[in-house]
Amino acid sequence: MSKSKLASGSGLDPLYWKKIVVVLCLGWAVIWIYRTILTPIFPEIQATIGAHSNAEMGLIASFYFFAYTGMQIPSGILVDKFGKKVVLIPGFCLFIIATLLIGNATSLTMVYVGSLLAGMGCGSYYGSAYSLSSENIPLERRGLATAIINSGSALGMAIGLIASSLLVKSMGMNWQLTIFMITALLVIMTLVFAVVIKGGSYSRHLASQPASTATAAAPEEAEEASGLFSLRMISAYVMYFATCYGYYMIVTWLPSFLQQERGFEGVAIGFSSALVAFASVPGALFFSRMSDRFRTKKVQLIIFLELCAAVMLVCTVISPDSTTLLISLILYGLLGKLAVDPIMISFVADNAPKKGYGTSFGVFNFFGMSSSVIAPFLTGVISDNTGSKVMGFYISAGILVVGTIIFFIVNVMMKQKRNRQTAAQA
């Protein structure tokens, strides 16, 4: 019986997984509009709440990511226990309250509290989103579909950076109005989640179908599934920590670096920073398609992309002119975090325990996002003490190289072990 016939005959929507891809992509877009809309307009924010140091302003992002990171494992467990929809919608409702608080803030403390609540609300998203995608997207489409979902991050990042620079810096709009616009988008997305996402029974029904009809893993990949804290999974956690460190340093401080150390002005700051996001979409789509076609080469592809990203981070700060700097940013977007994310997520889905996707992705993202708590504040401290953010870029590249080496060693060791076992059995 065909997949479409089985789906229609059992009352399931054969297009459901495609709807999931679109909705999750839009969800990431709204989250990333919020994440990036504040950083280019720190001076305008300080005109309302008072002057503060770079380290204090960097804490706005750190508070958000601290709460976001802390929510990853609890929300993953809740997703496995109660279902994605039950966790996701209340989380976005809390996010809405947070943006209203920030939009009405009159002090840095109020912005901190709003950022903390926003991080808690967004913390419901990752485990819910990738549990939905892993359970509902056919295996042969998983990498490409995940890249499309993740492209929402790039779309949101570009909109956030450009909108804040264009609307606030160039057109003089009050920065609070941009926050209230995000509030409206969040309300719309919450309603979309409520309408489109099915209850927990839908995913369990789909998962119970025969392997030939839905998302069952290939036999060789099923054999690779391992424990939550196996060496292979730990290597993925380390790799994601290193990947996220550089990316969130860029997201938080690149606009300030371009303005204060490279002389960029006005809307040019937002457009130049958004090059990372624009370039990441074709990179993610191309490399995720490659990982779908060559599933046994995921480790090699991850290592190649991570080393290229480290080189581009260094090239960004040693570039002698603006043209070379912009080329480095484009290549970082093409080869960096957003390009490697779909492959890493597919790698985790292949190796994680199949009965706890929410928890597995929660732990994975917890380790990755831990770096986002450290990077904004540490780079701010470095900037305050040295007058430059250049050292922050070097540290990011160094962490990425070390993480890649650990990931490489562990996976080579595991492959050699499996080859010895296969030879012994033969």
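The buried residues of helix α18 are G392, F393, S396, A397, L400, G403, T404, F407, V410 and N411, where buried means under 20% relative accessible area, exposed over 50% and partly exposed in between, with a 1.4 Å probe and protein chains only. This is a predicted model, in which local features need pLDDT of at least 70 and side-chain atom pairs count only at pLDDT 80 or more, while totals for chains, interfaces and linings use all residues. Residues are numbered from 1 along each chain as its sequence is written, and side-chain values use heavy atoms, leaving out hydrogens and water.

**Helix α18**
- Helices are DSSP runs of H or I with at least four residues, numbered from the N terminus.
- With 36 residues (390-425), α18 reaches 53 Å from its first C-alpha to its last, close to the 52 Å expected at 1.5 Å a residue; that expected span is 1.5 Å times one less than the number of residues.
- Its buried residues pack against α12 (231-262), α14 (298-318), α16 (337-351) and α17 (357-386).

**Aromatic rings**
- The whole structure holds 26 aromatic pairs, meaning Phe, Tyr or Trp rings (for Trp, the six-membered one) with centres within 6.5 Å; planes under 30 degrees apart are stacked, over 60 edge-to-face and the rest tilted.
- One of them, W28 with Y126, is edge-to-face, at 6.2 Å centre to centre and 70 degrees between the planes.

**Charges over rings**
- R35 sits over the face of Y68, 4.7 Å from the ring centre; this requires CZ of Arg or NZ of Lys within 6 Å of the centre and within 35 degrees of the ring normal.
- K337 lies over the face of Y247, at 5.1 Å from the ring centre.

Note on methods. Helices (H or I, at least four residues) and strands (E, at least two) are DSSP runs, numbered from the N terminus. Contact means heavy atoms within 4.5 Å.
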